Structure formats: structure tokens, C-alpha cells
Amino acid sequence: MDMIIAVTGTPGVGKTTVSKLLAERLNYDYVNLRDYALKNGLGEMKGDELELDVDELTETFAREFRDRNVVADSHLAHHMPADIVVVLRAHPRLIGERLKARGYSKEKVGENVEAELVDVILVEAIDKNENVIEVDTTGKTPEEVVEEILGLLGRGVKRRVGIVDWSGTYDEIIPYLRL
Ligand code: DAT
């Protein structure tokens, strides 16, 4: 059976690391949607950000991957027509630390820490797809995260949301926020 697994989440949450490993374990193709969009001339670089038409990406992706087994990752992956959307979560402090280490601007770090804090991607994913599995990666290795996803898929779980609440982390992450 063909299956499209979309892996989404705030930048720095671990999408690419987990998706490559998951694809390997399932023997599926792996596609990074940013690379895919660039390769197919679907967007243009504005500074260091890729600007693209999500509908155009969705249509092109659907045409090419409809009857294939694929793990696709991007913070836009939940917009793709997927059989299952995996939303990775991490303590906002981890997002802040990782994006700082990547050299993101203070503004960009703050924006993404805030987005993780208030569940932006999860809310979008639920709005787009019935089948959403949320996985907290905090304190886990990528291997452990992949095992958890495989376990849920193996048990036929199609929806599992509302498993984290970062509101209690607010005091800790104030240094990262754009206040
Ligand atoms: P993204 O694709 O969401 O931007 P990435 O996979 O490129 O994220 O980077 C995530 C970083 O975090 C990478 O250096 C590996 C590290 N990491 C630590 N624990 C992790 C976990 N449980 N799952 C995924 N990545 C983890």
C-alpha cells in the first residue's frame, strides 16, 4: 500500500534527522520539501529564505508521489496530501538553543521559540489533516523518536494530539522571546 508520511514541526525540532532515519527503517524514499521545491523551480530565494507558493508545491508533490512510499519533511509538510502527519515537538528552549547554534538572528530564534510555545504547527496540521500524530522529542534520541513513531504506526494509531503543554516553560524561555 502506498503511503505518504509528512513530518512537520518548528525549525530545529529534528524533522530532517528523524525523517531520514524513519525512511531508512521503513525502506521508503526520503524527500526534503525545500530541496524538492528548489529542484523543481517552485520558489525563489529572498535573502536566505525560500519563498514559494504552497498550493503549487502541494500539486506538484501530489502528482509525483501519489503512488509511492515516501517520508517528506519540512515545516510545510502538513500542507501535503499525506496519509499521516507526524508533528515533532521539543521543549522551546531546545528550539532556541539549536537555532542560535545555527546562526539564526535573534528575531528568527524568537519567532520560532514562540511558535513552538503556542503550538502553531500542530494547530495548522490538525486543521489540514485528520490523521495527526504528535511526538515529543524532548530528552529522547532520534532513534527513540523513530521507534515511537513506528510503534504508533504499527498499532494503527492515526491520531494522537494534545500531548505537550509548553505554557509552563514560559519563564525559562523569556530570554529567547521577542518582548
Ligand atoms: P529540522 O529539520 O526540524 O530543522 P534537524 O533534524 O535539521 O531539524 O536538526 C535537529 C538537531 O537536533 C540535529 O542536530 C539533531 C538534534 N537532535 C537531538 N535530539 C534529537 C531528537 N530526539 N530528534 C531529532 N533531532 C534531535
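Visitor: Let's start at the ligand. Which V13 atom sits 3.3 Å from an oxygen atom of the ligand?
Guide: A polar backbone atom of V13. Keep in mind that this is a predicted model.

Visitor: What about G14, how far is its polar backbone atom from a ligand oxygen?
Guide: That distance is 3.0 Å.

Visitor: And T16, what's the distance there?
Guide: A backbone N or O atom of T16 is 2.9 Å from an oxygen atom of the ligand.

Visitor: How much of the ligand's accessible area does the protein cover?
Guide: On its own the ligand has 550 Å² of accessible area, and the protein covers 73% of that.

Visitor: Which residues come nearest to the ligand?
Guide: There are 16 residues around the ligand. G12, K15, T16, T17 and K140 come nearest.

Visitor: How does that shell divide into nonpolar, polar and charged?
Guide: Five residues of the shell are nonpolar, seven are polar and four are charged.

Visitor: Which helices each supply at least two residues of the shell?
Guide: Helix 1, residues 15-26, and helix 7, residues 142-154.

Visitor: Which helix gives the most?
Guide: Helix 1, with four residues in the shell around the ligand.

Visitor: Let's move on to backbone angles. What is phi of N27?
Guide: Near 60°. That is a positive value, and N27 is not a glycine.

Visitor: Why bring that up?
Guide: Because most residues other than glycine have a negative phi.

Visitor: Where does N27 lie?
Guide: In the loop between helix 1 and strand 2, the strand being residues 29-32.

Visitor: Is N27 buried or exposed?
Guide: Exposed, because its relative accessible area is 71% and the cut-off for exposed is over 50%.

Visitor: What is phi of D119?
Guide: Near 65°, a positive value too, again in a residue other than glycine.

Visitor: Which helices is D119 between?
Guide: D119 is in the loop between helix 5 (106-117) and helix 6 (120-128).

Visitor: What is the relative accessibility of D119?
Guide: It is 22%, so D119 counts as partly exposed. Buried would need a value under 20%.

Visitor: New topic, the surface. Which residues form a nonpolar patch there?
Guide: Y170, I174 and L179. Together they have about 310 Å² of accessible area.

Visitor: Where is Y170 placed?
Guide: In helix 8, which runs over residues 170-173.

Visitor: Why does Y170 count as partly exposed?
Guide: Because its relative accessibility is 35%, and partly exposed covers values between the buried limit of 20% and the exposed limit of 50%.

Terms used:
Residues are numbered from 1 along each chain as its sequence is written. This is a predicted model: local features need pLDDT of at least 70, side-chain atom pairs count only at pLDDT 80 or more; totals for chains, interfaces and linings use all residues. Side-chain values use heavy atoms; hydrogens and water are left out. A residue is near a molecule or strand if one of its heavy atoms lies within 4 Å of it. A polar contact is a pair of N or O atoms within 3.5 Å; within protein, one must be able to donate a hydrogen and the other to accept it, and residues adjacent in sequence count only if both atoms are side-chain atoms. Accessible areas come from the Shrake-Rupley method with a 1.4 Å probe; for residues, only the protein chains shown count as cover. Ala, Val, Leu, Ile, Met, Phe, Trp, Tyr, Cys and Pro count as nonpolar, Asp, Glu, Lys and Arg as charged, and the others, Gly among them, as polar. Patches are made of residues with over 30% relative accessible area and no salt bridge: like charges are joined within 9 Å, nonpolar side chains (Val, Leu, Ile, Met, Phe, Trp, Tyr) within 5 Å. A salt bridge is a side-chain nitrogen of Lys or Arg within 4 Å of a carboxyl oxygen of Asp or Glu. Buried means under 20% relative accessible area, exposed over 50%, partly exposed in between (1.4 Å probe, protein chains only).
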